Structures are given as structure tokens and as C-alpha cells.
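Here's a quick tour for anyone meeting this structure for the first time. Have a look at it, then work through the notes below.

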Amino acid sequence: MKLSEVKEILKAKVISGEDKLDIEVSGGAASDLMSDLLRKPKEGSLLLTGLASIQAINTSVIGGMAAIVFVRGKKPDQAIISHAKKHKIPILSTSYNMFSSCGRLYARGLRSITWLS
Amino acid sequence: MVSNIIKEFRIEAKDFIHAGESSIEIRRILKSMGLDADITQRVSICAYEAEMNVVMHGGNGIISMILDETGVILEVMDKGPGIDDINLALTEGFTTAGEEVQQMGFGAGMGLPNIIRNADYFKIYSETAKGAYLIMCFWLTNTIRRECSGRLFAAWNNNRHDGVG
Amino acid sequence: MKVRDIQSEFNLEIAAGSKGLDREVTDGYCGDLLSDVMANAGPGDIWLTMQSHQNILAVAVLKELAAIVLVNGHRPDEDTKARADKEGIPVLLSPGSSYPLAGRLFAAGIKKKQE
């Protein structure tokens, strides 16, 4: 699914990475806590999180994620935005909550990255 | 393919602003060397979890990476309070992290379990009030498996950490 | 939809609180930050989380949640199970992650009417 579709489905604002809306995201991953996301690599996935923090950006870089959506209307501060720009991770923000965001994306065909725990 | 690359990074305790940067740099180096994506990912995850542990719990520390023809070796050592019960620390969900760390999205007790899940070889040493030492190895091919001797273990063990305040 | 229906439809293991399986589910909530769940979850929500300590029961009771699903193979500790049994709030287990489970629950109609 293209990031531009994600933006449309979630009625999201682009916080940074306007030039990257054409990228493909290969699956969805939802978590507020960072460590569960690093159980296994999740290359190319879309991270949905309510934690607007520097570590959300770092976790995404380390985990190889393609983009981040902050849910619940969370808007990251300037330091976080700069950090994301530096590491070239596009960020969106949606006012839908996590459950609803997952539901809407899943309904339009975005599945999760499968891994064996 | 590649001659030995050795890199060391300092980690500052409680520096949550810069926490993760060493791991990201390690990842960048491995990617730039054209290393297999799967190994790069697994090294990155282990480096990051280890780095975050030092920042959250440890005193100042060092993370070291060696890349050679067999694969990658990561060593992490710190002069922090150490781990009182290693077996407990290795169980999923166990954490000694405080509230502020949990609010940052960490301290769910997944760090060491994640490392075990992603590293081909992992050993941890610690003593209360002395600090902790971790070594993680990642092999390039299935046929290369060897006991992983650490370059920095002696320095940690003898309490001589050059450059670690 | 009752918790029982969701439990059987999605083949979720029952870890505790089975006397609450007839509780009614009206919406879903995903979240791991307890302060956020306290602020934003509502009565009748089925709560998907990886947090497995007994504080989750306090949250579930206070917010009148229908049930809790622990994702990613997390399991409740003994204190959590005991509390769930006492309060009659089901704790179900999912080996998978929250994204696909939320997706499927949403598709099954667990969502607020207007949004």
C-alpha cells in the first residue's frame, strides 16, 4: 500500500516527508511500547504508535520501518520532527485512535508483517 | 569482501536524547558495507536494546562493533550498578525500569529477550556494583560457528575501561 | 457481541476471568500506555495490550472495560490472573500482534457507530 493511500484512509496530516508519499509500506505494526516492535525485524512496515518520542523514530530506523503514523492526534514536537527528517522517516498524524486506525487500514488490505515469535 | 572494521562508541547514562544514535550509526555502517539485510537488522536490534539498557540502567558505557569475514561481533560494557539476578533479567516482562522510562516506551522487560531472539551467540556477565558486559555474535553463514572471545572483556573484568568515566 | 463470541471466533485462549465471558463488547481499544488508556478507553471496550501486570485490571475495572486481550504471546502473571478472576474480567491471549487482531475485530463490527 502506498503511503499516500494510508494518508487518505486515515485522513492524516503529513508532518514530514511530503516527498515520500509514493513509498510502499509492506505491513502494519501497532504498539505504544518500543521493545515489542523489535522482537523481529519489520523491514518496510508502517508503524502506528501513540508515543511521539525520539525513541519512536530510533526504533523505526533500527527496525527498518518505512514510515510512522502517530495516532490519537499526537503531534510530535520540533526536535522529533527534525530527528525524523535527519533519518528520512516520513511521519503522519491521524486523529483516529489506534484501534480504529488499524481497523481502517486492515479493511483496505494492509496486512501485518508475519514473523514467528 | 571486507577487511576488519572496528568501531567504538561511548554511551552516556541517562542521556535519553542521544540514546540510540550509536546503534543507528552501526546500522548505517553495515548497510554501507553491503551486509546482508537480515544480519544488519538483527545486529541493529541487539545493539539498540543493549544501548538502551545502558542508558536506562547502567553507568557510562561503551558499545563496540567488529565486522570481519565471519560476521559481526558486538560488545557492550558499562560501569553501572550491574544486574543482581541475571536469570530474572532474562525473563520476558521482568524490568527494573522506573516510571519515566516506561513513559518513553521502554522498560517493558523485553530488551534482553529480544537480544537472545536475534543474536546467533550471546553471553552476559555482571556483578552487582561492578557493571555489565554483553557479547553478541552474528555469523555470515551457517557454517561459521565459533566460541566468541571478546576483545573488551578483560578491560571490563579488570575495571579498566579506557575512555569510560 | 459478547466476549465469549469473540473468544471463540478468534480462537483466543482464556487465561483468566472466565466468569465474565458474557460481558458485552461495544468497541475496541489498543494501547500500552496506562495513562492514555485511563484517559481514552471507555465502558464496553475490548482492550488489546502487551502489558501483563496486575495494574491492567485496575484500569479495566475503573474504565468498565469488557475484557483484555494480551497480544504478542504475552501472558499474565499470577497476581493478574487472580485479580481477573476476582473481578470477573476476562483476560484472553493472542499469539499474534495487535494490528491484525484489531483489523479483524473492526471488520467484525466492533466499532463505535459514528466516527
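In chain B, take the contacts between residues at least 6 apart in sequence: 64% of them join residues at least 24 apart. Keep in mind that this is a predicted model.

**Chain B at a glance**
- Chain B is built from six helices and five strands.
- Chain B has 165 residues, and 45% of them count as buried.

**The sheet in chain C**
- In what order do the five strands of the chain C sheet lie? They run S1-S5-S4-S3-S2, forming an open sheet with mixed pairing.
- At the edges you'll find S1 (13–16) and S2 of chain C, each pairing on one side only.
- Ignoring direction, neighbouring strands of this sheet are turned by 30 degrees against each other on average.

**Helix H5 of chain C**
- H5(C) spans residues 98–107, and is it mostly covered or mostly open? Mostly covered, with eight of its ten residues buried.
- Among those buried residues are C:Tyr99, C:Pro100, C:Leu101, C:Leu105 and C:Phe106. C:Ser98, C:Ala102 and C:Gly103 belong to the buried set too.
- What do the buried residues of H5(C) pack against? Within chain C, the partners are strands S2 (27–30), S3 (45–49) and S4 (67–70). From chain A, strand S2 (27–30) and helix H4 (98–107) join in.
- Just past the end of H5(C), C:Gly109 takes a positive phi of about 105 degrees.

**Where chains A and C meet**
- On the chain A side, 21 residues are in contact with 22 residues of chain C.
- S2 and H4 of chain A each supply at least two residues to the side of chain A that touches chain C.
- Which element of chain A gives the most to that side? H4(A) does, with seven residues.
- Sorted by class, the side of chain A that touches chain C has nine nonpolar, eight polar and four charged residues.

- As background, most residues other than glycine have a negative phi.
- A:Lys11 has a positive phi, near 50 degrees, though it isn't a glycine. You'll find A:Lys11 in the loop between helix H1 (3–9) and strand S1 (13–16) of chain A.
- Why does A:Lys11 count as exposed? Because A:Lys11 has 10 C-beta neighbours inside 10 Å, and the cut-off for exposed is 12 or fewer.
- C:Asn72 is another residue other than glycine with a positive phi, this one near 60 degrees. C:Asn72 sits in the loop between S4 and helix H4 (78–87) of chain C.
- C:Asn72 has 19 C-beta neighbours inside 10 Å, so it counts as partly exposed.

Conventions. Residues are numbered from 1 along each chain as its sequence is written. Chains are lettered from A and ligands numbered from 1 in the order in which they are written. This is a predicted model: local features need pLDDT of at least 70, side-chain atom pairs count only at pLDDT 80 or more; totals for chains, interfaces and linings use all residues. Helices (H or I, at least four residues) and strands (E, at least two) are DSSP runs, numbered from the N terminus. A residue is buried if 20 or more other C-beta atoms lie within 10 Å of its own, exposed if 12 or fewer, and partly exposed in between; C-beta atoms are placed from the backbone. Two residues are in contact if their C-beta atoms, placed from the backbone, lie within 7 Å. Two strands pair if DSSP finds at least two bridges between them. Axes are lines fitted to C-alpha atoms, for helices over the stretch in contact, and angles run from 0 to 180 degrees between N-to-C directions. Ala, Val, Leu, Ile, Met, Phe, Trp, Tyr, Cys and Pro count as nonpolar, Asp, Glu, Lys and Arg as charged, and the others, Gly among them, as polar.
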